[in-house]
Amino acid sequence: MTIWIQPKRYRRRIICVLLLFVAAICFSYVWRKEPPSQNCFQYFYGDDDADDSLLDDVQLSSPQPADDGRSIFFHETSCSKDGLVRLNARQACAIESAARANPQWNVFVLFAAPVGFQNRTTQPIVDALLDYRNVHLRYVNLTTYANDTPLEEWMQNGEIFRSQYMNSHLSDVMRYLTLYKYGGTYLDLDVVVRRSFEKLEPNYAGAESTRWVAAGVMNFESKGHGHELAEMCVRDLLANFNGKDWGNNGPGVVTRVLRKYCDTHSTVHMTRERCRHFTVYPIKAFYAIGFEDYKQFFEEQYLEQALLTLNQSIVVHVWNKFSKNHPVIVGSRVAYAVLADKYCPKVYRSCGSVF
């Protein structure tokens with residue numbers, strides 16, 4: 001039998017390649033297991049010399065979210081690398097519509113990264129928002145926001161920063177955590193609010209289908225049954241968080257909790273009587289036009305049909321994940337433009353030629 005021995009130079013190359021391969025595996029393992037040492041969400045936290053133009057921490061600023069339920073929360077979880085407040089026209093429309101429909105409620109727009117205004121100048125649409133005395137722009141200090149909650153240790157471990165859908169999943173975490181801390185109403189930033197929340201009994205969400213409760217509109221009281229359910233959601237999130245599944249940590253949480261709480265898998269049966277002081281509103285209340293029909297908001301041929309479908313809606317959800325690349329020309333006769341002109345007029349008229 002003949003034994004062939006590689007020349008030394010080839011053996012060295014093979015050994016070097018193997019060492020690099022092992023090093024790459026070790027590096028990827030460490031990266032998965034250890035949170036990044038710093039990212040733009042945490043850049044200014046704990047810095048006593050931080051720019052005074054930064055937004056105030058919601059936990060330290062005034063007014064504080066009240067425990068009477070008259071607080072509305074939006075979360076902006078994009079990582080702003082330049083440190084400036086940035087909202088697009090559609091996000092600002094959601095905020096304005098909520099503030100206009102609920103003038104006696106405080107609307108908190110919570111930025112997950114420390115952001116502020118450069119030389120105190122802002123975008124025209126942000127100026128339009130700040131005309132409303134009940135709109136408050138704040139940032140959330142992620143290093144302390146979960147303190148004294150069931151998520152404290154989990155947030156400190158940095159699990160959220162290893163998610164494949166970090167911005168989306170951070171929004172999921174923040175909405176449940178905020179409602180646990182303060183109570184009130186959470187809204188997605190891709191909605192238009194058509195009616196006041198004053199007459200809605202507290203503790204509610206909306207059905208997206210007969211199987212799923214959506215997480216784009218949720219209300220929990222700060223005490224009693226509402227707080228109990230908010231805690232159940234936070235604990236479900238802690239137990240079942242999955243950074244590889246886009247929907248598991250948002251609608252998945254409230255759906256799982258209510259299936260147990262209401263002892264039914266059908267959203268049709270999640271009534272106030274069955275769910276002990278909690279209501280799951282029918283599809284027409286918040287999600288009358290489903291994501292599969294989102295184009296009805298953007299094409300003139302669907303205008304009358306869309307407005308008729310939305311006639312009984314309290315909140316309109318426009319499905320930004322699918323619709324963000326569909327332009328709306330200001331003044332056009334598409335459903336989204338008509339809604340914006342009526343329910344967020346200051347933003348709509350200050351956003352330029354494209355909404």
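A polar contact here is a pair of N or O atoms within 3.5 Å, where, within protein, one must be able to donate a hydrogen and the other to accept it. Keep that handy for the exercises; the model is a predicted one.

**Exercise 1.** Work out which side chains make polar contacts with the side chain of His-317, and whether His-317 is buried or exposed.

*Solution.* 
- Step 1: His-317 sits in strand E9, which covers residues 315–317.
- Step 2: check burial. The cut-off for buried is under 20% relative accessible area. His-317 comes in at 6% relative accessibility, so it counts as buried.
- Step 3: list the neighbours. Skipping residues within four places in sequence, His-317 is in contact with Asp-188, Asp-190, Val-191, Phe-286, Tyr-287, Ile-289 and Phe-297.
- Step 4: pick out the polar pairs. The His-317 side chain makes a polar contact of 3.1 Å with the side chain of Asp-188, and another of 3.2 Å with that of Asp-190.
- Step 5: look along the chain. Leu-187 is 130 residues away from His-317 in sequence, yet their C-alpha atoms are separated by 9.7 Å.

**Exercise 2.** Find what the side chain of His-75 pairs up with.

*Solution.* 
- Step 1: His-75 belongs to strand E1, residues 71–76. With 6% relative accessibility, His-75 counts as buried.
- Step 2: beyond four places in sequence, His-75 touches Leu-110, Met-174, Arg-175, Thr-178, Tyr-186 and Leu-189.
- Step 3: the Thr-178 side chain joins that of His-75 in a polar contact of 3.0 Å. A polar atom of the His-75 side chain also lies 3.5 Å from the backbone oxygen of Met-174.

**Exercise 3.** Check the length of helix H2, then say how its N-terminal end is capped.

*Solution.* 
- Step 1: H2 runs over residues 89–101, which makes 13 residues; at 1.5 Å a residue it should span 18 Å. Its end C-alpha atoms are 18 Å apart, so the two agree.
- Step 2: for the cap, go to Asn-88, where a side-chain oxygen lies 3.1 Å from the backbone nitrogen of Arg-90.
- Step 3: 12 of the 13 residues are buried, so H2 is largely enclosed by the rest of the structure. Among the buried ones are Arg-90, Gln-91 and Glu-96.

**Exercise 4.** Describe how helices H5 and H6 pack.

*Solution.* 
- Step 1: the axes of H5 (residues 166–182) and H6 (residues 224–240) come within 9 Å and cross at roughly 145°. The crossing is left-handed.
- Step 2: from H5, Val-173, Tyr-176, Leu-177, Leu-179 and Tyr-180 meet H6 residues including His-227, Glu-231 and Leu-237.
- Step 3: sorted by class, this contact has nine nonpolar, one polar and one charged residues.

Definitions and conventions: Residues numbered from 1 in each chain as written. Predicted model: local features only at pLDDT ≥ 70, side-chain atom pairs only at ≥ 80, totals over all residues. Heavy atoms only, no water. Axes fitted to C-alpha atoms, helices over the stretch in contact; angles between N-to-C directions. Helix = DSSP H or I, 4+ residues; strand = E, 2+ residues; numbered from the N terminus. Left-handed = near helix turned anticlockwise from the far one by under 90°. Contact = heavy atoms within 4.5 Å. Nonpolar A, V, L, I, M, F, W, Y, C, P; charged D, E, K, R; others polar. Expected span 1.5 Å × (residues − 1). Buried < 20%, exposed > 50% of the residue type's maximum accessible area, 1.4 Å probe, protein only.
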